[in-house]
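Trainee: I would like to go through this structure term by term. Please show it to me first.

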Amino acid sequence: MRNVVKFGFHDIAQVVPHNMRKPFPMRYFVIFIVLFFWFSTLSFAQEVQEVQEGEESQVPIFPVYQTLGGIFFWQDTYFYHEWRIQYNIRSGAHRLLDPHCVCCAVGTYDDCLQRLDELKIERAIPPMKGRVLVLLHGFGSNRLTLQRMAGWFRTRKTYSAVVNITYPSTSVSVQEEARLIHRIVTQMEGVESIDMVGHSLGALILRCYLGNPPDGERGELPDPRIRRFVQLCPPNAGLRYAQDALSCETSGFFQLRPLRDLSLSREEMLEQFGTPACEFAIIAGGRGDENGFSNIIPGDDDWVVPVQNTRLDGAKDFLLLHGEHGEIPNMIETFLHVERFLNEGAFCTGT
């Protein structure tokens, strides 16, 4: 038994008298899920620092300052190993962050790129090569969701770089973000092969990128270097409560643009996002029974996505793990299965 203290709707049902229980408005349920997932992300994820022993501190020309890595209003647009250039969706400003989320330059995109070129020489940063792993978080979340996975794969040293992308997940549509992913991938010069892992909404975005790519042919890979792809807790058949939650946008308090995509049916998603043209597999979360974690979602579920809605025809493998939506991308068991599929094309189903 895991030593984890949980409190949710099941617990509330036990302490509220039956005659006092009232139907729970669906829009508040969705808001609860977003906030629950957001805070659970911060509790589960841990920043992994990769400072080499004996490395001397080198101060760039621009006064450096530590950041959160752009987990709210910043979009990654360029990667060089774990160095990245971002732009702010509010102000349009660009900045350059080092692997430890220290800002090394601010200005235009070209300013940041020029400063990165200087730092490549100053710090003797090697060119990108070999295998690269791309990670993409989900809705209402941030890159910290997959930071533990990123750190784990970096210690395995099977990839020359682990690109953990951050994006404003409540402010862009699936197809808009797929286009930005395409820009990031095409600029990875020197890389020989690319694997991908997406969680929740991130799994849908990567599905769209690989199944109906921008400026590409449907059913053909947008980049020939892409090998395999794993979806974690993907809402491949949509979420029935997403349509109800769209009314939250009118309040101006929440920006929930991706909910339009999440409210699509299985058939509509197939039409708009297609099926990945590479080998792909799915890991779903649930309890392994007919009830799941939520009393509101029918069937087995991970608190957010019904297990039946994660399935997608064409998947080479499928696996159900015991865990909640925010737990699945942070479990060692998940890491091992993902690694096995990316290396061999199948999950490790043994114990």
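Mentor: Start with a definition: a disulfide is a pair of cysteine sulfur atoms within 2.5 Å. By that test, the structure holds 0 disulfides. This is a predicted model, where local features need pLDDT of at least 70, side-chain atom pairs count only at pLDDT 80 or more, and totals for chains, interfaces and linings use all residues. Residues are numbered from 1 along each chain as its sequence is written, and side-chain values use heavy atoms, with hydrogens and water left out.

Trainee: Why is Cys208 called buried?

Mentor: Buried means under 20% relative accessible area, exposed over 50%, partly exposed in between, with a 1.4 Å probe and protein chains only. Cys208 has a relative accessible area of 2%, so Cys208 is buried. Cys278 has 9%, so Cys278 is buried too.

Trainee: What is the strand order of the open sheet?

Mentor: The 6 strands run β7-β6-β8-β9-β10-β11, with parallel pairing.

Trainee: Why are β7 and β11 at the edges?

Mentor: Each has a single partner strand, so one side of each is left without a neighbour in the sheet.

Trainee: Why is Thr166 called buried?

Mentor: Thr166 has 0% relative accessibility, so Thr166 counts as buried. Thr166 sits in the loop between β7 and α5. Gln75 is 91 residues away in sequence, but 6.0 Å away in space, C-alpha to C-alpha.

Trainee: What makes β2 and β3 a pair?

Mentor: They share 6 bridges in the antiparallel sense. Tyr80 stands opposite Trp83 in β3. Their hairpin has 2 residues between the strands, and His81 takes a positive phi near 55 degrees. As for cover, 7 of the 7 residues of β2 are buried.

Key:
Helices (H or I, at least four residues) and strands (E, at least two) are DSSP runs, numbered from the N terminus. Two strands pair if DSSP finds at least two bridges between them.
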